[in-house]
Amino acid sequence: MEALKKKLKGLFPKKLMYLYYLQTAKKAVMFDIKRRVYDKVYNNSDDEKVKRDLTLAYHIVEKGLTMPTPRPGFGKPVVISLCNTVLKYDTMNLPKTELEFKQSVSVLREYYEYHIEIGFKLDADVLEKLEVIVNNFKGIEGLKQCHISKEDYFKDVNSPFDLFCKSRYSVRNYTTEVIPVKVLHDCIDLAQKSPSFCNRQPTRVYIVKSAEKKTGILDLQNGNRGFGHLAETLLVISSVISTTKDIHERNENHLNGGMFSMTLLNALHFYKIAACSLNWSVSNDKDEKLRKLLKIPENEVPLLVISCGYVPDKFAIASSPRKTSKEITVEHL
Ligand SMILES: Cc1cc2nc3c(=O)[nH]c(=O)nc-3n(C[C@H](O)[C@H](O)[C@H](O)COP(=O)(O)O)c2cc1C
């Protein structure tokens, strides 16, 4: 069969082969794309959307509160929008016990109290909104951001897995201390222990320390404002698409890369290196620019950037509370 396939391949010009594969790929990919487009147009679940909007906004404020130097009055449009979404949620008669709602209220209260504490007078419009939230939802509690010492943050790196796992956070504050390349390779070797499809090990890592290249990457990425410039190293995770055999394996690069990245984050934590994942959900032209900057070959797909560095003696981390197992599980017993 393989021999026949090879013979047939030899008979067809490359251009024809390309068009054939493109057609097969389109058919397979449309299956997924249609579901996504349908969801955006026809999924009228206001419950899901309001919770998504709460999370997106509260996380921005949460991050702002934990920046190395929070800018007084930061994020005004997001704060106003979050207040409005909280009020909208309130009118929808959804349970006040939901994580998204509790954390949104809690983060807004924290933002309000932070500005009182530093003696900064917020603009009247945002202050008015915040006071409504603070006064209307007095009993609602969420998780406050965590101010922690370096010693406390890493105290569980040699503890049993449950404690280790709970002690890792995304850290967005780094010193200029140099991370030895050898240590980064040790972390990447540990991440290589992640399972991969048929052990095909498709993930690749670009270690970037060049100041010029780091700036080039961070300028293309949309989630590192206020801290990205402090990263001593950027790790760019990519995956080789030639390791996949056909189009039905198209998600394997991202799936395998995700598993690899999680082990890498844990490995960095183990070696007391702070890190933060930075999404690579970018437009095609930005993706092209990254490829050019790091000379990423055409048969690789960039997946994620991880900013890394050693931490200062004291810093803040976003609490990012989680839903419980019960909330995200469906049981078929
Ligand atoms: C795929 C992915 C992309 C992310 N992108 C960003 C980003 O662009 N900027 C950022 O500050 N954090 C980013 N994060 C970090 C998340 O905000 C963080 O993991 C989440 O809030 C959970 O918090 P924790 O990592 O502290 O447990 C990203 C995380 C993942 C997994």
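The sulfur of C308 lies 8.0 Å from the closest cysteine sulfur, in C187, too far for a bond. A disulfide is a covalent bond between the sulfur atoms of two cysteines. Here it is counted as a pair of cysteine sulfur atoms within 2.5 Å. The structure holds zero disulfides. C308 is buried, at 0% relative accessibility. Buried means under 20% relative accessible area, exposed means over 50%, and partly exposed lies in between, with a 1.4 Å probe and protein chains only.

The model is predicted, with pLDDT of at least 70 needed for local features and 80 or more for side-chain atom pairs, while totals for chains, interfaces and linings use all residues. Residues are numbered from 1 along each chain as its sequence is written, and side-chain values use heavy atoms, without hydrogens and water.

Another cysteine, C83, is also buried, with a relative accessible area of 0%. C83 is one of the buried residues of helix α4, which also include V79, I80, L82, T85, V86 and Y89. Helices (H or I, at least four residues) and strands (E, at least two) are DSSP runs, numbered from the N terminus. Helix α4 has 16 residues. Its first and last C-alpha atoms are 23 Å apart, close to the expected 22 Å at 1.5 Å a residue. That expected span is 1.5 Å times one less than the number of residues. The buried residues of α4 pack against α3, α5 (99-117) and α6 (124-136). Just after α4, N93 takes a positive phi of about 55 degrees.

Helix α3 (residues 46-65) packs against α4 (residues 76-91) at an angle of about 145 degrees. Their axes are 9 Å apart. Axes are lines fitted to C-alpha atoms, for helices over the stretch in contact, and angles run from 0 to 180 degrees between N-to-C directions. On the α3 side, the contact (heavy atoms within 4.5 Å) includes V50, L54 and Y58.

The loop between α9 (181-191) and β2 (203-208) contains C198. Q201 is found in the loop between α9 and β2. Phi of C198 is near 50 degrees, a positive value in a residue other than glycine. Phi of Q201 is near 50 degrees, again positive in a non-glycine residue. C198 is exposed, with a relative accessible area of 65%. Q201 is partly exposed, at 31%.
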